[in-house]
Amino acid sequence: MRTYKTSSSVEQILDFYKGEITDCIEGCLIDNFLISTDKGLLMLEETYQTCWTSVYTVYIDDNAAISQQWDALVEAIRKIRED
C-alpha cells in the first residue's frame, strides 16, 4: 500500500485525483474520507501533528485493500465513541 502525508485540502485532493467523496467520518480537526476515482479508491485519514494541526495520510492501493483499511478505521472510531 502506498501512503503519503499532505496538508492539502480535501478539495485540492479531489481536484487532483478527479475524485468524488464516497463516504465520510467526522474527525477531530478534519474529517476522514473515502474517495472514488477513475483509477479506484483512495482513503484520507486524519493524522494529528499538534493539538492545533492535522494533515491527511493518503492511502492508495487496490479497491479491496482500501475498503478493508476504511472498514478498520470505521470500526476503530466506533469503538472509541462507544467508550
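Is Glu-82 buried or exposed? In this predicted model, Glu-82 counts as exposed, with a relative accessibility of 55%, which is over the 50% cut-off. Glu-82 lies in helix H2, the subject of this briefing.

**Helix H2**
- Helix H2 runs over residues 63-82, a total of 20 residues.
- From first C-alpha to last, H2 reaches 28 Å, close to the 28 Å expected at 1.5 Å a residue.
- At the start of H2, the backbone nitrogen of Ala-64 has a side-chain oxygen of Asp-62 within 3.1 Å.

**Buried and exposed faces**
- Ala-65, Ile-66, Trp-70, Leu-73 and Ile-77 are the buried residues of H2.
- These buried residues line one face of the helix, because they fall within an arc of 135° when seen down the axis of H2.
- Their cover includes strands E2 (20-25), E3 (32-37), E4 (40-50) and E5 (53-60).
- The exposed residues Ala-64, Gln-68, Asp-71 and Glu-82 sit on the face of H2 turned away from its buried side.

**Salt bridges**
- The structure holds 2 salt bridges.
- One joins the side chains of Arg-78 and Glu-75 at 2.3 Å, N to O; these two are 3 residues apart in H2, and therefore separated by about one helical turn.
- Arg-78 also forms a salt bridge with Glu-82, with the closest N and O atoms 2.4 Å apart; this pair is 4 residues apart in H2, again about one helical turn.
- Through shared partners, the salt bridges join Glu-75, Arg-78 and Glu-82 into one network.
- Arg-78 counts as partly exposed at 36% relative accessibility, and Glu-75 counts as partly exposed at 32%.

Terms used: Residues are numbered from 1 along each chain as its sequence is written. This is a predicted model: local features need pLDDT of at least 70, side-chain atom pairs count only at pLDDT 80 or more; totals for chains, interfaces and linings use all residues. Side-chain values use heavy atoms; hydrogens and water are left out. The expected span of a helix is 1.5 Å times one less than its number of residues. Buried means under 20% relative accessible area, exposed over 50%, partly exposed in between (1.4 Å probe, protein chains only). The arc is that of the directions from the helix axis to the C-beta atoms. Contact means heavy atoms within 4.5 Å. A polar contact is a pair of N or O atoms within 3.5 Å; within protein, one must be able to donate a hydrogen and the other to accept it, and residues adjacent in sequence count only if both atoms are side-chain atoms. A salt bridge is a side-chain nitrogen of Lys or Arg within 4 Å of a carboxyl oxygen of Asp or Glu.
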